[in-house]
Amino acid sequence: MQTHEDTLLEVRHLKKYFDVKQSFFHHDKVRAVDDVSFSIRKGETLGLVGESGCGKSTLGRCVLRLLEPTGGDIFFKGQRLNEVDMHPYRQKMQIVFQDPYASLDPRKTVSDLIGEGLDLHKLYADRMERQEKILSLMKMVGLSEYFYNRYPHEFSGGQRQRIGIARALSVHPEFIVCDEPVSALDVSIQAQVINMLEKLQQDEGITYLFIAHDLSVVRHISNRIAVLYLGRLVELADSNELYKHPQHPYTKMLLSAIPIPDPDKSAQRKRVVLEGEIPSPLNPPSGCPFWTRCPHQTKRCAEAFPTLKEVAPGHFAACTQL
Amino acid sequence: MAMFEKILKRVLLAAVSLFAIITITFFLMNIIPGDPFMSEKATEETRAILIAKYGLDKPLIVQYGRYLQNLFHGDMGTSYVLQKGRAISTIVTESFAVSVRLGLKALIAAILIGVPLGCIAGLFKGKAADGAIRVISAIGISIPGYVLAAVLMLVLAVNLKALPVSYGKPGGEVMPIIVLAVYPTCYLMRLTRASILEVLGQDYLKTERARGMGEGRVIFIHALKNSLIPIITYLGPLTASILTGGFVAESVFNVPGLGRYFVNAISARDYTLIMGVTVFYAALIITMNLICDILYQVVDPRIQMA
Amino acid sequence: MINTGETTEKETLLEVKDLKLSFRIQKKLVPTIRDVSYTLRRGEVLGIVGESGSGKSISSNAIIRLLPENAVIEGGQILFDGQDLLKLPLRDLRKVRGRRISEIFQDPMTSLDPLFTIGYQLNEVLKKHTSLSREEREKRSIELLRMVGINQPERRIDQYPHEFSGGMRQRAMIATALACDPELLIADEPTTALDVTIQAQIIDLLKELKEKFHTSIIFITHDLGVMADICDRVLVMYAGEIVESGDKRQIFNNHRHPYTEGLLRSIPDVDGDEKKPLVPIEGNPPEMSLLGDECAFARRCPYAMNLCARKRPPEASLGDGHTVRCWKVFHEEQAKEGMRDADT
């Protein structure tokens, strides 16, 4: 993968290991993210999918250095982010969390919550300007100005997620990590938020790293998709390409497990049912982490993690069979 | 075995904490102005002799070293002031036996009254019984021990003459036990109530009901066992605090227990006794917590001792 | 009674009639289930779909009266095999729960008592509802675990829930629910808390078990994809009422209610070549306590007319078991009928 001119964020060989105390004399490492590399182009949405425990949320936090990576490099607009003061970058890089209930301070009003970022980065000249900015942000995410002095508990899930997004937008970020932003919402509300995120991208040119476990949502919103399994990047491709021609056996199974809301298509489809469950990240299989569940396993799979190969232009997969 | 290793680790940690407590107490104690012999009706000369005799003229660090050395050999020294010449170990064991006799009775009373009443309050949330129990526990928790002791003494002993004023006479144990038991009883009520209420909202009780289990089984087998977990965790520190926390009750009612000795030892600057009681208390609390952790693990299969 | 094979196939197992249920909130009764009626046949999988607060869980938990304390059943009948469960004393209802009607829940992590082994919990159910001996119960427990796809059941039977992964716990949960061969299984969002691949496994398991034991299933979910996969018939619930019901092809391919349409247009297409824009339903679900005699969906409905804000639409039957509660559809059907009348 070479760096393009329009690359906004690049991650090389990123690792995040957590120490887990097994006993007094024995520590284990959980390789939550292991040797992951990718880049995101300006204005695009990179989807990050995988099942629980695959390290997708950890990866999202490492990219912003909300968690300190154990190894590897992060570049934002060509600047290496490791070991620098993140304060100036916090304004450019934001995060929206999954749980709109837990991530908002219940004692602050909507205007305080949205204004926090403005205050922190001193983005206004006087109180009038602050208020104007907050109101325009509220309008942008579809919150009536009538809510200006309300508290988070007075809002529904979808509205709270809008507040969360307005907070992230307040500092004019160029890049937002969306960590399961619609997973806690009902479908009709989910669609409202997704459309809003897409509109913001068109209008403001924001780049997203969109983390989710709902594969149909990820496909809808992403230009490209990265698939993680036990901390490893196993496949990366344009979203249509990935869904039409998945290469990695794990991706194939993941896709075939998506329920299709159409009885005829659902009945026609042959499902590759994935046997077993994700092994414990504490004790991952050697070599390719997927081989224990893989229908095409060979001896070679257990030996070493296969490198990512470019199987088609822009389509990478890591499997010994390719 | 992992379990053995974990216990060993906890014992090692306990030894480290004990050592830290000894060290801190030793130096803090010496910061207090005065010395054990300031109240002796003696000349400066005899005081100097006494001080030299017990080695208190040596640099602190030397005294400290010697104390540790003796302690390591099981020798806690003798009392300087209160019971001059008697071995600290004897004083501590004798007076602790008194405290234990009172404390265990208070503890049992607290558990037998507090846990069932807490259950009742939780199960009948919002009803009259719950209201009454909540008011009682609020009062019991907020009333200071010495106030309670004074009120009891005034009403039961002085006015009604129902009970003797001082410890040692028949019935003399009753008031100290009440003073010791009120706070833990009320605290247990509150804790049990909160715990029951939390468990009653848990999904697995709904599962049990969906399986056709009767309310008796749902409440007494499933809800109760789950709600006992926080109570068991609290019992360790509670036992330790009842056994060690008798300062007020023992002083007011003149019980010759360890708590009273502790208070008196501090005011008399009886260095070896202060150290002796502290070491003993610390060891006791640490042991109680350890036992509790092990017990906790037996009840709750999810807990792995850390 | 003599049943021919055909009638057993279509025999009604459960009939819910005009169920009305409210919640007592600060001394006021807030209607939560409004005139819900449906039937479930033996061996059928009935899906109930709706968003949070639509009453989908409450309406099915009401069948075995597994309700919060402040729930008040205000009317209706729940006929299970001809017997009104609402009139059944709790004592007798407990003999139905877990034996003839079982339920599995959304979160396998919190739905099994953490302090008792899986074996204990299976034994508990068997002991309550069967006359099997202790040895027979143990044998049956192992058999049940094997049936739901748990490996080494002899060993796992002595393990606690926390020693099982999420998927395995849900399997264990299903094993306890099926222990007494129930005629009806209520599955309350059984896969919502699971990963997609595990979800697929659990759905396949439920389908397989249904084929094997001919159990009727009420499957509650908010995931239309899951619904299309497992259900025969679907109820769409909104604000405590059934707004549309029918077999799954009617619901997915021939839906008439604007809410059903809105739901289906809100979800991204996984399969198509072209990216279709999502059409969300604007606004939020209504506050149940403020709902009067109007169509509950009127304020979010793109087709709302004056009438919709004034009067609650009746349930219109479109034939073949397809019902819709919507004024627009009601008028369209009337117009059709009128034309038919004019023809004759």
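Which residues have the most contacts inside the largest nonpolar core? Select L209(A), F210(A) and V236(C): those are the ones, in a core of 243 residues. A nonpolar core here means a set of buried Ala, Val, Leu, Ile, Met, Phe, Trp, Tyr and Cys residues joined through C-beta atoms within 7 Å. Buried means that 20 or more other C-beta atoms lie within 10 Å of a residue's own; exposed means 12 or fewer, partly exposed is in between, and the C-beta atoms are placed from the backbone. Helix α7 (residues 174–200) of chain B gives this core its largest share, 13 residues. As background, nonpolar side chains in soluble globular proteins tend to be buried together.

A quick word on what you're looking at: the model is predicted, so local features need pLDDT of at least 70 and side-chain atom pairs count only at pLDDT 80 or more, while totals for chains, interfaces and linings use all residues. Residues are numbered from 1 along each chain as its sequence is written, and chains are lettered from A and ligands numbered from 1 in the order in which they are written.

Now zoom in on F210(A). Setting aside residues up to four places away in sequence, F210(A) touches T45(A), L46(A), G47(A), L48(A), C178(A), V218(A), I221(A) and S222(A). Touching, or being in contact, means that the two C-beta atoms, placed from the backbone, lie within 7 Å.

The C-alpha trace of chain A spans about 70 × 55 × 45 Å along its principal axes. Of its 322 residues, 48% are buried.

Next, bring chain C back. Chain C has 13 helices and twelve strands, and its C-alpha trace spans about 70 × 50 × 50 Å along its principal axes. Buried residues account for 48% of its 344 residues.

Stay on chain C and select R42(C), in the loop between β2 (28–41) and β3 (45–49). Is R42(C) buried or partly exposed? R42(C) counts as partly exposed because it has 17 C-beta neighbours inside 10 Å.

Where do chains A and C meet? The contact takes 33 residues from chain A and 35 from chain C. On the chain A side, α6 (187–204), α7 (215–221), α9 (249–256) and α10 (263–268) each give two or more residues. The largest share of that side, seven residues, comes from α6(A).

Last stop: show α4 (residues 88–123) of chain B alongside α7(B). Their axes come within 6 Å and cross at roughly 30 degrees; the axes are lines fitted to C-alpha atoms over the stretch in contact, with angles running from 0 to 180 degrees between N-to-C directions.

Terms used:
Helix = DSSP H or I, 4+ residues; strand = E, 2+ residues; numbered from the N terminus.
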